[in-house]
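Let's take a look inside this protein. Keep the 3D view open and follow along as we go.

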Amino acid sequence: MFIETGHFALVLALALALVQSTLPLWGSVRRDLTLMGTAVPVAIGQFALVAYSFACLAEAHVVSDFSLVNVVENTHSTQPLVYKIASVWGNHEGSMLLWVLILALFGASVAGFGRGIPMVLRSATLAVQGWIASAFLLFILLTSDPFARVARPPIEGRDLNPILQDLGLAIHPPLLYLGYVGFSIVFSFAAAALITGRVDAGWARFVRPWALLAWTFLTLGIAMGSYWAYYTLGWGGFWFWDPVENASLMPWLAGTALLHCTSVMEKREALKVWTIFLAITTFSLSLLGTFLVRSGVLTSVHSFASDPTRGTFILLILALFIGGSFALYAWRAPMLRVGGIFAPVSREGSLVFNNLFLSACCATVLVGTLYPLALEATTGQKISVGAPFFNLTFGPLMVPLLFVMPFGPALAWKRGDLLGAVQRLMVALTVGLVIAVVLVAVTRGGPVLAPLGVGLAAYIIVGALSDVALRVRPRPMPLRTVVERAAGLPRSAWGTAIAHAGMGVTLLGLAATGWGVERIAAVHPGQPVDLGPYSVTITALVPRPGPNYSETLAQAVVMEGGRVVAEITPAKRFFATRQQTVAEAGIVTLGLGQVYVSLGDQHPDGTIDTRMFWKPLVSLIWGGALVMAFGGLLSLSDRRLRIGVAFRRPRPAAAGPRPPVPAE
Amino acid sequence: MVWLAFAFMAAAAVLCVSWPLLRPREAAAEGATDTAFYRDQLRELASDVDRGILRPADVAATRAELGRRLIQASETTGRAPGAPRRRVATAAAAGALVVAVAAGLYAEVGHPGQPDAPLAARETGQTDFATAIAKIEAHLASDPNDGRGLEIMAPVYMKMGRFDDAVRTYRDIIRVRGRSPSREAELGQALVMQADGVVTGDARQVFDAALKDDPVLPQARFFEGLASLQDGDKAKARATWEALIREAPPEAPYTKIVRERVAELDGAPARGGAAVARATGPAPDPAGAAARGPLPGMPAGAAAIASLPAGQQQAAIRGMVDGLAARLAENGQDGAGWLRLVRAYRVLGEQDKAVKALADARRALAGDPQATGELDRLAHELGLES
């Protein structure tokens, strides 16, 4: 009974989404309170139905109900429970249902928690969210029905794709979708603002927490996906500039710019046009990502089975929403009243710089992703745009952006003092420069960019921390006062500093890859392999049965100066149902770096192919993302109102020469 | 019961829509939420001045700006609810729309009559089956000459893929109950299955013996044709199978399959690879899965193979793969064909043949960088790299 009621719930959810997309909108255009009143219960009802439907599908996966095509094709009764649950979204139909579930979740959250939002705005926002939900529910029901049945259920299923049988599948897609789809509500807010014609600081205040929430989840989702690819693909890489990865990076770049814009708009009512534009762009890029991954244009572990009708359908949705929203933008944006004015050198000015560079980065990634696809579609020629292209285009754009990043918080609103900002950042600049110079000298003959990257990273981290330090202790004062001031510093200021420092931490991890060591060799058990400061020896190869696979396990020890520092067990797993072999890398974190061993083929002479890596500081790449996400959450928890106060130039009589202190 | 649940859910959904329409809210607070934000900002500014964080001189301009925004925000007003009759009509129309959309679409996509079928609930039947097998096996161990028990077990072994046991049991049947063409044909099929679909010398002897007594026995003739094909004698295979189709009684269940095989002879084994990939899986009763139409992505040839009894599937697949290999040996300029062949061998578990086919393909396609690139990718994917 669960399956059919779940299916019916999905159909009902579509019916409610249709109501949600019409009545509240009509109400907010006519300012009819009764009609607007339908938005909240309908949005919550729609979420409840989709959630029930999703729970029913999950239940069918857990109890191995092979009367569902989706369960037959993607699970096996011997799979561990966590993978049975994860297999719900480890396939096209289920992942689309998760997509819609999160869409409905954000709609219901705005309905439930958005009491302070003016009714006109909230109703129109929920109506736009209803359009998106209607389109995707229709897509699911017509082309990708997870509830398709099998008349005579088989005894066993076909198992989940072995590459996906990993804890990563349980964590990465839900996090990523919370980010990806979370930006839908920001899009809806923007479209609603354009429709109702009111875009002001209040609007930015209501949008900001949602944008922050989505951004935080997207950051975590991308980092998790990158780490998963790193440990599961056995190549030791963590980012491949694969179109699917780019599809998640683009909304992140646009979302990051958006995040900064909303804070300007809330405080100063400036950058309205930018904010609305970025809100639309971010979700459009999410939709584009969904199209790239779900339409079958690309083939990868993410794309599952593809079907041309699905591609056409998503393309239609894409054209409708992106085209529609930009048309609306073109029509309404000229009516946006210009808000607070500001000098080029000011907090706002630095954020415009930030927007320009992030948008340019995003455009580069877009070109690098779409150009090969377009070329293949029109001429049939296959080209591969990989790391070299992005290193040459994306890299040079990121460097000035990262360099200017610490200046943002150091400048005052409305009109800033560049010299003062440089003074405030003097410590950071010095530390970064000294570290880079010392490293260049010490590691002569080594990689060139790594020391410079580490220097830049150090400058960013110290810059973020010194900014907080100068706010807390602008002049010598007793420790108790410092602690009090630190506690009194708004959480959003802490959030900014921590997120910026997180970016520096990630950069540190990225820069250190230059000093990595890689060995690819066929080794005999017992034969030590030198790997940077360590040596790795595979002591034995043992077979071991798993729940739904059998594996060859290598027992390996990592030695440092004749002393065993760690034991690792890389493995190769064979999944009989799909006749597929998957390598499980053996990874151990030593300090902040990692030793990484991945197995290849076994040879008759007893040797085994291995890839071994020593990756110094590599864990900082993902650690930095966690720090960034923490900064995001901290800032989210700060619900204080933001008012940008422009300070008059410090009077010369004020207590001696000291750097001007920007507003909180 | 299901209908009751549907009715309850639909009622709840309709309530979500109609409740707010039938019970209109007070029109009071609307304007207030719009301006509240700026009032709060002004209040916070004042408190910052009081706490000494900001200087009054600095905030004057900001306060003026906030005041301007406050005035702008208060320009809008809400409208009172409409007449009750209009609201009831809207509620009824919206409710009807919800029910109509849901019922109409569900009628298209739903299967209200089909109950859930969790594995645990179905396994009771399975365990009975397992115990039954164990009982018969125990019985046969004590009385190895029980012909009836042997005849029950032999096809069960075939279905379970225990071909060694099946061959032993069919031999026992012939020993206990005497020779007959059909028994020999069954034994022959078990031998073919045991040899992974190859019609071995042993199997051929058995089929020949069967055909001597019953020259039109379809099962034996099918494998006779397959044997010819595997010997490389396509023409003879075709003649045998076409005769089999011609002489088949109308509505004979096997003609469709044999026709497919003849079609494969005509160089259509293009679906071979995909078919192998699908059909050599755990074969989760695809006939059942196909009842609602073939599974998505399952090509017609694969579906046809899937509809064969488990025994003949392997043989049919083998024939298709061999046909593909033969065709590529003649004309190697078919990148897609090679990819399929390599994949098929890999799926069939024939590592050596897969490696050899890969090498052959690299030789045949040496002038085509795109094709060799694809071969490299495939080799990597399948773990065939040397």
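## Who lines the largest cavity?

Start with helix α21(A): this helix gives the lining of the largest cavity its largest share, eight residues. Keep in mind that you're looking at a predicted model.

If you think in domains instead, domain 2 (166-345) and domain 3 (405-514 + 619-636) of chain A each give the lining at least three residues.

## The space itself

How many cavities of 30 Å³ or more does the structure hold? There are six, and the largest cavity has about 820 Å³ of space in it. A total of 42 residues line the largest cavity, and those closest to its centre are H260(A), L351(A), P409(A), T496(A) and H500(A).

## A helix to trace: α13

Now find helix α13 of chain A, residues 308-332. Its 25 residues reach 36 Å from the first C-alpha to the last, close to the 36 Å expected at 1.5 Å a residue.

Which residues of α13(A) are buried? Among them are G311(A), I314(A), I317(A), L318(A), F321(A) and I322(A), and the list also has R310(A) and R332(A). The cover over the buried residues of α13(A) includes the chain A helices α6 (92-113), α7 (119-143), α9 (183-196) and α12 (272-294).

Definitions and conventions: Residues numbered from 1 in each chain as written. Chains lettered and ligands numbered in written order. Predicted model: local features only at pLDDT ≥ 70, side-chain atom pairs only at ≥ 80, totals over all residues. Heavy atoms only, no water. 1 Å grid on protein atoms, 1.4 Å probe; cavity = no way out; pocket = protein on both sides within 12 Å on 5 of 7 lines; lining within 4 Å. Points joined across faces, edges and corners; volume = space filled by probe spheres on them. Helix = DSSP H or I, 4+ residues; strand = E, 2+ residues; numbered from the N terminus. Domains from an automatic or database assignment. Expected span 1.5 Å × (residues − 1). Buried < 20%, exposed > 50% of the residue type's maximum accessible area, 1.4 Å probe, protein only. Contact = heavy atoms within 4.5 Å.
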